[in-house]
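Please examine the sequence and the three-dimensional structure shown below.

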Amino acid sequence: MLQAICEAKHSIALASYIFEGKGIGALFVDTLAQARSRGVSVKVLIDDAYARLSNSDAFGALRLHGIDVALFNPPVIPARLHGLHLRNHRKLLIVDGYRGFTGGMNIHRPYWCPKAPESAFRDLHLEVSGPVVGQMRETFERDWYDSKEVELDEGFWAGKSGSPITDGVSLARGVESGPDETLDRMRWIFIGAINAAQKKISIRTPYLLPDQPTIAALGAAALRGVRVEIVVPQNSDHLFVQWASKAHYWQIIEHGVCIYERPGPFDHGKLMIIDDAWVCVGSANWDARSLRLNFEFNLEIYDRRLALELGDDFARIRSASKKVRPTDLSDMPYFVKLRNGFARLFSPIL
């Protein structure tokens, strides 16, 4: 991503839920400032909830460098206090209108530990080109207009050279979802993919808090003979969310779905593979916040080669993870079950 920013000729559009101003974030700020100084048009969008609750966000540093930066959905207390729950969780970088990056990675120090790389967060991010970048552009344009009431025209993306978007080699589609006219779209994609699976479903998610229809779809797939495997991190960055997630485990595994807990540094990757043919990757987690409250962006890709490559990586991760067994849940101390059950009550907003 830094290399792409260095190579930008006309424009850079960057949206990130977390954009920290220290560590790797400081390097991003400096690289964006250098791009602006050589005449590149730079737009940066940061979610307001993170910026408001953090004392190390990059908003101030970006403004000091003269970069055009906006906060998404700042609430006006008390009229829009509910806006704190409506977060822009998308991660988009579009360079010169045709080079795109998206996935789960934030611009945040835990992802970048040059002195101890083995301790860095794990994640999954893609670089893409082709028509799907046009869908990323449209998503950024709408978010930018909602935040600043300024429209971005074709000249911003392509400069004077015209748009160089060309056909890609895979069938792909950008899936935009949020608490607006796209409400429930990501949830429909997930459940539709589960229902279409014939042999295998592989899911990697940092937070596993599915609602009852999604749990039913996973269970029904397992009952009809589909191998359903879910990998979650053993060590979460949010303990309360992990407790609530564990309270859901018994409902998920009772019909044959397998859950594996990955040891080591926190795994923030979001991935779904169906029958080694269809891939979904992006910013959305398997929880109510991502599927109902957040603004998200995923890519669904029909590409057997990519699905097999990511499937091999998933198998490697699964083999190094610990399978959750029914006895693991039944043998939990009573106070742990009570704690997890209490945390589960807050699942709709976690």
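The following paragraphs treat strands, helices, aromatic rings and charged side chains in turn.

This is a predicted model, in which local features need pLDDT of at least 70, side-chain atom pairs count only at pLDDT 80 or more, and totals for chains, interfaces and linings use all residues. Residues are numbered from 1 along each chain as its sequence is written, and side-chain values use heavy atoms, with hydrogens and water left out.

Helices (H or I, at least four residues) and strands (E, at least two) are DSSP runs, numbered from the N terminus. Two strands pair if DSSP finds at least two bridges between them. Strand 1 (residues 11–16) pairs with strand 2 in the parallel sense, over 6 bridges. Within this pairing, Ala13 stands opposite Lys43 in strand 2. Strand 2 (residues 41–47) is largely enclosed by the rest of the structure, because 6 of its 7 residues are buried. Here buried means under 20% relative accessible area, exposed means over 50%, and partly exposed lies in between (1.4 Å probe, protein chains only).

Strand 9 (residues 227–233) and strand 10 (residues 258–262) pair in the parallel sense over 5 bridges. Glu229 stands opposite Cys258 in strand 10.

The structure holds 13 aromatic pairs. Rings of Phe, Tyr and Trp (its six-membered ring) pair if their centres lie within 6.5 Å; planes under 30 degrees apart count as stacked, over 60 as edge-to-face and the rest as tilted. One of the pairs joins Tyr111 and Phe121 in an edge-to-face arrangement, at 5.4 Å centre to centre and 75° between the planes. Both residues belong to the loop between strand 5 (99–103) and strand 6 (125–128), 10 residues apart. Tyr111 counts as buried at 11% relative accessibility, and Phe121 counts as partly exposed at 23%. The pair of Phe140 and Trp157 is edge-to-face because the ring centres are 6.2 Å apart and the planes lie at 80°. Phe140 is in helix 5 (residues 132–148) and Trp157 in helix 6 (residues 154–158), 17 residues apart. Phe140 is buried at 1% relative accessibility, as is Trp157 at 0%.

Charged side chains come next. Side chains of opposite charge can pair when their charged atoms come close. A salt bridge is a side-chain nitrogen of Lys or Arg within 4 Å of a carboxyl oxygen of Asp or Glu, and by this rule the count comes to 20 salt bridges. Arg99 and Glu7 meet in one of them (2.8 Å, N to O). Since Arg99 lies in strand 5 and Glu7 in helix 1 (residues 2–7), the pair ties together parts that are 92 residues apart in sequence. Arg90 forms a salt bridge with Asp143, the closest N and O atoms being 2.7 Å apart. Arg90 lies in the loop between strand 3 (68–72) and strand 4 (92–95), whereas Asp143 lies in helix 5, 53 residues apart. Both Arg90 and Asp143 are buried. A network of salt bridges links Arg90, Arg142, Asp143 and Glu176. Glu229 in turn meets Arg227 in a salt bridge (3.7 Å, N to O); Glu229 is buried, with a relative accessible area of 5%.
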